[in-house]
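Biologist: I would like to learn how to read a structure. Please take me through the features one by one.

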Amino acid sequence: MLTLLIIIPLIGSLIILPMAETESLQSKNQMKQIALTTSLINFFISLFLWYEFDSTTTQFQFVSEFNQLNFCHLNFGVDGISLYFLLLTTFVTPIALLSNYTNITTNLKFFLISFLVLETLQICAFVSLDLLLFYIFFESVLPILFIVILLFGHGTDRFRSALLFFLYTLAGSLPMLLSILVIYSYIGSTDFQLISLYDISLESQKLLWLGFFIAFAVKTPLYPFIIWLPKAHSDSPLAGSILLAGTILKLATYGYIRVLINILPDATNYFSPLIQTIAIISLIYASFSTIIQQDTKRLIAYSSVAHMAVVVLGLFSNNLPGIEGAILLGIAHGFVSPALFICVGGVIYDRTGTRVINYIRGLVTYMPVFTILFFLFTLCNTGIPLSLNFLGEQLSLIGIWQTNPIIASLGATGIILSACYSIFLYNRLSYGNLSPYLPPLKDINRREYFLLISLLIPTTIFGIFPNVILNTLHTSTTALLYYN
Amino acid sequence: MVFITLLTLISAKALPVLNTNISSLHFSRISSISFIYIAYISFNSIYLSCIGKGLGIYSGLFQITQLGQVIEMFIFLIGGLILMSWPQIKQTLDNINILITDKYSKDYSIIVLFSSLGSSLLISSLDLISIYLSIELQSFGLYILASLYRNSESATNAGLKYFLLGGLSSCIILLGTGLIYSYTGTTNLESLYILNSISDINQQYILQGLSIGLILIFIGFLFKIAAAPLHNWSPDVYDGVPTIVTIWLTIVPKIAILILLLELQVQLGIIGGLKTIIINNTGYISTIENIGSIKDILLLLENFKININLNINNSLLGLPVLKTLIIISSILSLIIGSLLGLAQIKIKRLLAYSTISHIGFILLALAINTEQSIESFIFYILQYTFTNLNIFLIILGLTYIINNSIISPLTSLASNPPLSQDCSSVGTREKKNNIKIENLNDNSIITSYNNNEALVRDFTLENKRVNFEEKIIKDINYISEFKGLFFSNPFLSLSLAASLFSMAGIPPLIGFFSKQFVLYSALQNGYYFISILGIIVSVISASYYLKIIKILFTESTESELNSVSPQEENLNKSENIIITNTHSYLISILTLFILLFFIKPTIILNSTQLLSLSLFFV
C-alpha cells in the first residue's frame with residue numbers, strides 16, 4: 001500500500017508530462033484536474049492505510065522491500081510516529097494544488113508535476129526505514145522547491161530567498177551526511193531497526209548528535225538558523241509556502257524523533273538542556289519579531305518558528321505527554337499555518353495584490369464570511385481550547401514542566417505572545433475604517449471556502465476528540481522514552 | 001587487438017588526403033562510428049581469459065589489465081559521443097533543411113583520433129619511456145586542437161599558453177624519468193615496483209632517487225590535470241578555446257592521466273606498508289596512515305625536514321611523500337576550485353574551476369588508497385565524465401540555438417538585408433545582455449556572418465533539399481547569455497539544471513553518490529578534517545551552480561526582447577532551429593542516466609567494485 005502511495009503521484013505526473021500546454025483553458029483545466037484527482041486518490045488511500053493501521057504494536061507495518069539498491073537497505077514502513085506525518089503530507093498536497101488553482105497560468109505543467117513529485121519525495125522521506133534514504137529524500141526536495149520559488153515566486157528578491165533556503169539547508173544537512181557515514185562505518189548498515197539495536201558509546205554519540213542536530217535545527221528552524229524561513233515563505237508561491245509550513249518543516253520534527261531520540265538517546269539526554277535553551281530563545285525571539293512584521297506572509301512564517309520551538313520543547317521533555325503533545329502540535333500547525341497562508345497570501349493577496357499590512361484595513365465590510373473564517377484560524381493559532389493547537393501546546397508544556405518548570409514557564413509566554421501577534425494581525429486587517437487603498441472586494445469564492453473549511457474541520461474535530469490520534473501514538477512514543 | 005584497430009584508424013586518417021571533397025559531416029560521423037567500434041572491441045577483449053591480472057605486451061612497454069581495458073572502452077565511447085554531437089544545426093527555412101557544420105570538423109576528428117590513441121596507450125603503459133611518449137602523443141594532439149581555430153585570437157592565445165605550460169610539465173615528467181633511470185638503471189615500472197618492495201634501509205639512496213623522481217613525475221601529471229597549485233592555465237585555456245574543443249580538453253585526457261596515477265599509486269601503495277614500519281622504527285611518526293588534518297601534514301613535513309637535516313634514514317620515503325603530495329594538492333584544489341569559482345561570470349571559466357574542485361575530490365579518493373576509495377575514485381571519474389559531458393553538450397546545443405537565432409532573421413530575409421543593420425542588431429542584443437565583447441572578436445563574427453549569408457543565398461538559389469554549410473559558430477561566453485532560457489527551451493534548461501544539481505551533489509542525482517562514496521572512504525580511514533572541508537567546499541560550490549540555474553530560470557523582461565526584433569526572433573528560436581536528433585537523444589539519455597541512477601545503481605557500482613578489487617589482486 002505504501003508503494004501505491006509513492007507511485008500514484010508519479011503516475012499522475014507521467015500522465016501530465018506529454019500533455020501539450022496550450023493557451024486554451026480546456027487543456028489547462030484538464031491538467032489541473034488530473035493532478036488534483038491524483039493527489040486526492042492518494043489521500044484516500046492514506047486514509048484507508050490509517051484505518052488498517054494496527055495501533056497495538058511498535059513494529060513497522062506495511063513494510064515493502066526492494067533489493068535493487070546495494071548501497072543501502074531500501075525498505076519502507078510505517079509506525080505510529082510516521083503515520084501522521086504521512087497523512088499530513090497526503091492531506092496538504094491537494095490543498096497546495098488547489099490554493100494556486102487559478103492564479104498560475106504560465107508553466108502550469110511544471111508546477112503541477114513538481115508538486116506531485118514533491119509529494120512522492122516527502123512520503124518517501126517519512127516512510128523510508130533507512131538513514132541514508134531518509135537523508136536522500138530529505139535533501140531531494142531542495143532542488144525542486146528552489147526552482148519552484150524561482151519560477152513562481154513573488155517579488156524581486158526571490159532569488160536571494162531561494163538561495164538562502166537552499167544553501168542553509170544544504171550546509172546544515174551535510175554534517176548529517178557525515179554522521180550517517182560514520183554510523184555506517186561503525187555498524188555496517190544504515191537501517192533504522194539495526195542501528196537502534198546497536199549501542200554507540202556516549203563520546204561518539206555526542207559528535208554524531210551534533211551533526212544531526214545542525215541539520216534538523218536548520219530545518220525546524222531553531223534560533224541562529226531562522227533567517228531563511230521568513231524569506232523563503234514570503235517569496236515563494238502560495239502552494240510553496242503551504243508545503244513548506246505544512247510538511248517540509250515537519251521533516252525536522254520527524255527527524256528529531258526518528259534519529260536523535262531513537263538512535264542516539266544518551267546524547268539526547270546529555271544535550272537536552274542545551275536544546276531546551278535554544279528552543280526557548282528561538283520561541284521568544286521569534287514571537288517578538290512576529291509582532292513587528294509588516295508583511296503578512298512573513299508574519300505567519302515567524303509565527304511558525306515560534307510554534308515549532310514549542311514542538312521542540314515537547315519533544316525533548318522525555319516523557320509521554322511532552323512527546324505526544326509535540327506530535328499533536330506539529331499536526332495542528334500543519335493544518336492551521338497553511339490555512340493562515342491561504343488567508344493572507346491567497347485570499348487577500350489575490351484581491352488586493354499586496355501583503356503589506358498598512359495598506360489593508362476594514363476587510364469585514366466587504367468580506368464578512370472570510371473574516372469569520374480568518375478569526376477562527378487566528379484563534380486556533382493562539383491555541384484556544386477545542387482546537388488541536390491547544391491540546392498540543394498544553395501537552396507539550398505539561399511534559400516540559402515535569403522536566404524543568406522554569407523552561408516550561410518561559411515556554412508558556414509563547415502562548416501569550418502568540419495571542420498578541422495573532423489577534424493584533426487580525427484586528428489590523430479586519431477592522432477599522434476601510435482602507436482608502438482598497439478597491440471594493442468580493443467575498444471568498446467556493447474554492448477558497450472549501451479550502452479553508454477543509455482545514456478547519458480536522459483542527460476542531462481532533463481538538464475535541466484527540467484520542468483518535470493519541471491512541472495510535474501511545475505505544476510508539478512509549479518506546480522513545482529514556483530511562484537512566 | 002586494440003592496437004590493430006587503432007592502426008587502421010590512423011590509416012583512416014589518410015582519408016581526407018585522398019579525397020578532400022568528402023563532406024566534413026560525413027567525416028566526423030565516420031570517426032565517431034569508428035570510435036564506438038573500437039570501444040566495442042575493447043569491451044570484447046575484457047573477457048579474454050589470458051588477461052588475468054595483467055599481461056605485458058611489446059616486450060614490457062605496455063600492459064593490458066582489466067581496468068585499463070574498461071577505461072579504454074570508456075574513453076573511446078565518450079570520444080564517439082563527443083564526435084557524434086559535432087556542431088550540426090538543423091535549420092528549417094521554407095522546407096529546406098540545412099545542416100550546418102563547422103569547417104574545422106575534419107581536422108578536429110583527425111586530431112582527436114591521435115590524441116585518444118595517446119590516451120589509450122598511456123593507460124596501458126608499463127614503462128617510463130612509453131609513458132612519456134604516449135603523454136606527448138596525447139598532449140600534442142591537444143595543443144593543436146586548442147589552437148585549431150586559427151582565426152580566433154583567443155583560441156590561438158589559449159593554444160599557445162597551453163602548449164608552453166604543457167611543455168613545461170612534460171619537461172618535469174621527463175626530468176623525473178631521467179632521475180629514476182640514473183638512480184635505478186631501469187625504466188620498466190614492473191622492475192621499479194619490485195625494487196621498491198625488496199629494498200631495505202641499506203639501499204635508501206636508491207629509494208631516495210626513486211621517490212624524488214616519482215614526485216617530479218606526479219607533479220608533472222598533476223600539472224596536466226590542472227590540480228590546484230598548478231591549475232592556473234586551465235581557466236584561461238578552457239575559456240579561450242571554442243566549446244567543442246573544451247569538451248575534449250576537460251574530459252578525455254584527464255581520465256587517462258588519472259588512471260595512470262592510480263596505477264602508480266596503487267602499485268607503490270601496497271609496498272607503502274613497509275615504509276611506515278621503517279618510519280616507526282626511527283620513532284618520528286607514529287601514525288602515518290592518518291594524515292587526516294593539516295596539523296598532521298605539517299607535522300609530517302616537519303619530520304621530513306628533520307629527517308633530511310639529521311640525515312638519518314635518508315628518507316624521502318616513497319609512499320607517504322606521494323600521499324602527502326596528493327592530499328595537499330587535493331585540499332588546495334577543493335578550496336581554490338570552489339572559492340575562485342564564485343567570482344566568475346564566464347560560463348567556461350566557471351566550469352573550469354568546478355572541474356578543479358572535482359579533481360580535488362578525485363585526488364582525495366586516490367590518496368586514501370584502499371579498495372573502497374579506489375572504487376569511489378573510479379566511480380567518481382565515470383560519473384563526473386558523464387555529467388560534464390552532458391553539461392557541455394547542452395551548452396553546445398544552447399549555443400547553436402542562442403547565437404543562430406541572431407543570424408536566422410538575416411538569412412530568412414536574404415532578399416534584402418542591409419548589412420549595417422544586421423551588425424547593429426547584433427550589437428544591440430549584446431549591449432542588452434550587458435556584455436562587453438572585445439572589438440576584435442566582434443568584427444570577426446560579423447565577417448563570418450557575411451560569408452555565411454552569401455553561402456546561404458547560393459544554396460537557396462540552387463534549391464537543394466538538404467544543404468551542407470560550413471561556418472564558424474560563435475560561442476557562449478557569459479553566464480548571463482542563458483537568461484530566461486527555461487521559457488524558450490524548457491527541456492534543455494531542465495536537463496542543464498539537473499546536471500548542475502548533480503555536480504553540486506544533491507541527493508537523488510548521481511553526483512551525490514560519488515561524493516558520498518569518497519567521503520565515506522575518507523571517514524572510514526580517519527580523514528575527518530578533509531571530509532569536513534569537503535562538505536564545506538561543496539556548499540560553497542553549490543552556490544555558483546545555483547547562480548547559473550537562477551539565470552536559466554529568471555525571465556528576461558519581455559519588453560527588451562521585443563524592442564530588438566519584433567516577434568521574428570522568438571519565432572525563429574522556437575521553430576526554425578533545432579539541434580540535431582543525435583544530439584538531443586544523447587542529452588536526454590545522459591540526463592535520464594543522471595536522474596534515475598539511484599533506481600538501479602548495481603550495474604555501475606558492481607563493475608567499479610570489481611575493477612578496484614582487480615587492482616588489489618583479490
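Biologist: Which side chains meet B:Asp239 in a salt bridge?

Modeller: Start with the general idea. Side chains of opposite charge can pair when their charged atoms come close. The rule for a salt bridge asks for a side-chain nitrogen of Lys or Arg within 4 Å of a carboxyl oxygen of Asp or Glu. Here the partner of B:Asp239 is B:Lys346, at 3.1 Å from N to O. The two sit in distant parts of the chain, 107 residues apart. B:Asp239 is in helix H10 of chain B, and B:Lys346 is in the loop between helix H13 (318–341) and helix H14 (347–368). Helices here are DSSP runs of H or I with at least four residues, strands are runs of E with at least two, and both are numbered from the N terminus.

Biologist: What should I know about the model itself?

Modeller: This is a predicted model, in which local features need pLDDT of at least 70, side-chain atom pairs count only at pLDDT 80 or more, and totals for chains, interfaces and linings use all residues. Residues are numbered from 1 along each chain as its sequence is written, chains are lettered from A and ligands numbered from 1 in the order in which they are written, and side-chain values use heavy atoms, with hydrogens and water left out.

Biologist: Are B:Asp239 and B:Lys346 buried or exposed?

Modeller: Both are buried. Buried means under 20% relative accessible area, exposed means over 50%, and partly exposed lies in between (1.4 Å probe, protein chains only).

Biologist: How many salt bridges are there over all chains?

Modeller: The search of the whole structure finds nine. One of them joins A:Asp157 to A:Lys231, with the closest N and O atoms 3.3 Å apart. A:Asp157 lies in the loop between helix H5 (131–152) and helix H6 (158–187) of chain A, and A:Lys231 in helix H9 (residues 228–235), so the pair ties together parts 74 residues apart in sequence. A:Asp157 is partly exposed at 34% relative accessibility, while A:Lys231 is buried at 14%.

Biologist: Which residue forms a salt bridge with B:Lys161?

Modeller: B:Asp236 does, with the closest N and O atoms 2.8 Å apart. B:Lys161 is in helix H7 (residues 153–184) of chain B and B:Asp236 in helix H10 (residues 233–240), so this pair ties together parts 75 residues apart in sequence. B:Lys161 is partly exposed, at 31%. B:Asp236 is partly exposed too, at 25%. Salt bridges can also form a network, as A:Arg351, A:Arg447 and A:Glu448 do.

Biologist: Now the interface. How many residues of chain B are in contact with chain A?

Modeller: Contact means heavy atoms within 4.5 Å. By that rule, 36 residues of chain B are in contact with 30 residues of chain A. Buried area is the accessible area (1.4 Å probe) that two parts lose on being put together, summed over both. The two chains bury about 3,100 Å² between them, 84% of it on carbon and sulfur atoms. In chain B, B:Tyr520, B:Val539 and B:Leu546 lose the most area to chain A, together 16% of what that side buries.

Biologist: How many salt bridges cross the interface of chain B and chain A?

Modeller: The rule finds zero. Helices H18 (485–488), H19 (490–504), H20 (510–524), H21 (528–553) and H25 (602–615) of chain B each supply at least two residues of the side that touches chain A. The largest share, 13 residues, comes from H21(B).

Biologist: What about backbone angles?

Modeller: Most residues other than glycine have a negative phi, and most peptide bonds are trans. A:Asn318 has a positive phi of about 60 degrees although it is not a glycine. A:Asn318 is in the loop between helix H12 (296–315) and helix H13 (320–352) of chain A. B:Ala226 also has a positive phi of about 60 degrees. B:Ala226 is buried, with a relative accessible area of 1%.

Biologist: Which peptide bond is cis?

Modeller: The bond from A:Thr220 to A:Pro221 is cis, with omega near -5 degrees. A:Pro221 lies in the loop between helix H8 (202–219) and H9 of chain A.
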